[in-house]
Amino acid sequence: MADAALTTASLLTLETVGRVLTIGLNRPAKRNALNDGIILEIERTFATLPEAVGAVVFHGVGDHFSAGLDLSELSERDATAGLMHSRMWHRVFDSIQHARVPVIAALKGAVIGGGLELACAAHIRVAEPSAYYALPEGQRGIFVGGGGSVRLPRLVGVARMADMMLTGRVYTAPEGVSLGFSQYLTEEGGSLKKALELAERVAQNAPLTNFAVMQALPLIAEASPQTGLMLEALMASVAQSDQEAKTRIRAFLDRKAGKVQPS
Ligand code: 1HE
């Protein structure tokens with residue numbers, strides 16, 4: 001952490017640790033509820049990612065990741081404003097999903113509503129035991145509006161999401177890791193450390209491989225098999241023709257690169 005540089009904006013904490021930028025949702029007194037200010041601050045951060053950043057970690061300051069949409073901003077919104085607001089969240093969360101570098105979310109406490117939608121826009125999710133997942137939109141009389149109905153069913157299935165919204169069902173962190181909400185489960189207090197560790201590893205990949213995994217893989221997985229196979233072949237040929245790939249493969253053949261190790 002020697003080269004860490006910390007900037008504390010009012011709504012986000014930004015810290016650079018090596019090649020990893022950590023973004024902390026910084027409204028702990030409001031359980032990191034997502035107001036317009038915080039969403040636009042996230043957009044600005046992704047629009048101005050320094051070239052040296054190789055991965056991003058999202059986390060929540062305090063005991064929770066996020067309690068979702070700031071409900072105090074909702075009461076006066078009419079249908080048109082609501083539509084535009086949802087599209088604004090889509091724009092910002094798309095900028096996370098399609099960021100130049102991989103994004104890892106470190107989850108604890110409440111991962112609720114829009115907070116879960118934000119976590120779903122990341123490429124990897126790491127949870128600690130206190131994390132829990134809920135979509136209380138049904139109880140509040142609203143609907144997801146941050147891309148949750150597109151991204152969450154791809155992780156856990158439509159039936160599970162429908163159950164959460166209809167009945168208010170809450171999933172725990174241990175359940176979440178087996179169901180696909182998160183890919184990792186750490187010890188209590190360990191999600192940020194683990195996310196940083198993974199981010200540092202991810203930042204060492206060839207940029208074109210990270211690009212292919214983030215941008216091409218999801219499209220291929222949803223394409224028809226024949227279109228998918230053609231896209232895969234095109235992506236593979238572009239990746240392996242990159243100088244970075246040639247350098248890395250040469251290093252392996254010269255016994256200068258690490259071997260695959262069982263964990
Ligand atoms: C909030 C919010 C919020 C807390 N908007 N202010 N999300 C929800 O329906 C979840 C609502 N929140 C909760 O159920 C609870 O607050 C928690 C389980 C997350 C945490 O409980 P606790 O006991 O630790 O905290 P608290 O006392 O309930 O809340 C602390 C303060 O945060 C309090 O404000 P205060 O001024 O009275 O101290 C709360 O009002 C405030 N707070 N959550 C505004 N969400 C794009 S569509 C997405 C749609 C959704 O995200 S719907 C889900 C909304």
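A residue is called buried when its relative accessible area is under 20%, exposed when that area is over 50%, and partly exposed in between (1.4 Å probe, protein chains only). By this rule Ala 29 is exposed, with a relative accessible area of 70%. The structure is a predicted model, in which local features need pLDDT of at least 70 and side-chain atom pairs count only at pLDDT 80 or more, while totals for chains, interfaces and linings use all residues. Residues are numbered from 1 along each chain as its sequence is written, and side-chain values use heavy atoms, with hydrogens and water left out.

**Domains and their interface**

- The protein is divided into domain 1 (5-202) and domain 2 (207-253), with bounds that come from an automatic or database domain assignment.
- The centres of the two domains, taken over C-alpha atoms, are 28 Å apart.
- Domain 1 gives 9 residues to the contact and domain 2 gives 4, where contact means heavy atoms within 4.5 Å.
- The size of an interface is often given as the accessible area lost when the parts come together.
- Domain 1 and domain 2 bury about 520 Å² between them, 41% of it on carbon and sulfur atoms; buried area is the accessible area (1.4 Å probe) that two parts lose on being put together, summed over both.
- In domain 1, the residues that lose the most area to domain 2 are His 98, Pro 102 and Arg 154, together 51% of what that side buries.
- The count between the domains is 1 salt bridge, a term for a side-chain nitrogen of Lys or Arg within 4 Å of a carboxyl oxygen of Asp or Glu.
- Arg 154 forms a salt bridge with Glu 222, and their closest N and O atoms are 2.2 Å apart.

**Helix α5**

- Helices (H or I, at least four residues) and strands (E, at least two) are DSSP runs, numbered from the N terminus.
- Helix α5 covers residues 148-156, and its buried residues are Gly 148, Arg 151, Leu 152, Pro 153 and Val 156.
- The cover over these buried residues includes α2 (79-97), α3 (114-121), α6 (158-167) and α7 (173-179).
- Just after α5, Gly 157 takes a positive phi of about 100 degrees.

- Leu 118 is found in helix α3 and is buried, with a relative accessible area of 2%.
- Beyond its neighbours within four places in sequence, Leu 118 is in contact with residues including Leu 25, Phe 58, Phe 65 and Phe 93.
- Ser 66 lies in the loop between β4 (55-60) and α2, and its relative accessible area of 0% makes it buried.
- The side chain of Ser 66 reaches the backbone oxygen of Asn 32 at 2.8 Å.
- Not counting residues up to four places away in sequence, Ser 66 touches several residues, among them Leu 25, Arg 31, Ala 110 and Gly 115.

**The loop between β3 and α1**

- Ala 29 lies in the loop between β3 (20-25) and α1 (36-47).
- The C-alpha atoms of Ala 29 and Gly 148 are separated by 25 Å, and these residues are 119 residues apart along the chain.
- Arg 27 is found in the loop between β3 and α1, but Arg 27 is buried, with a relative accessible area of 16%.
- The side chain of Arg 27 makes a polar contact with the side chain of Asp 70 (2.8 Å); a polar contact is a pair of N or O atoms within 3.5 Å, and within protein one must be able to donate a hydrogen and the other to accept it, while residues adjacent in sequence count only if both atoms are side-chain atoms.
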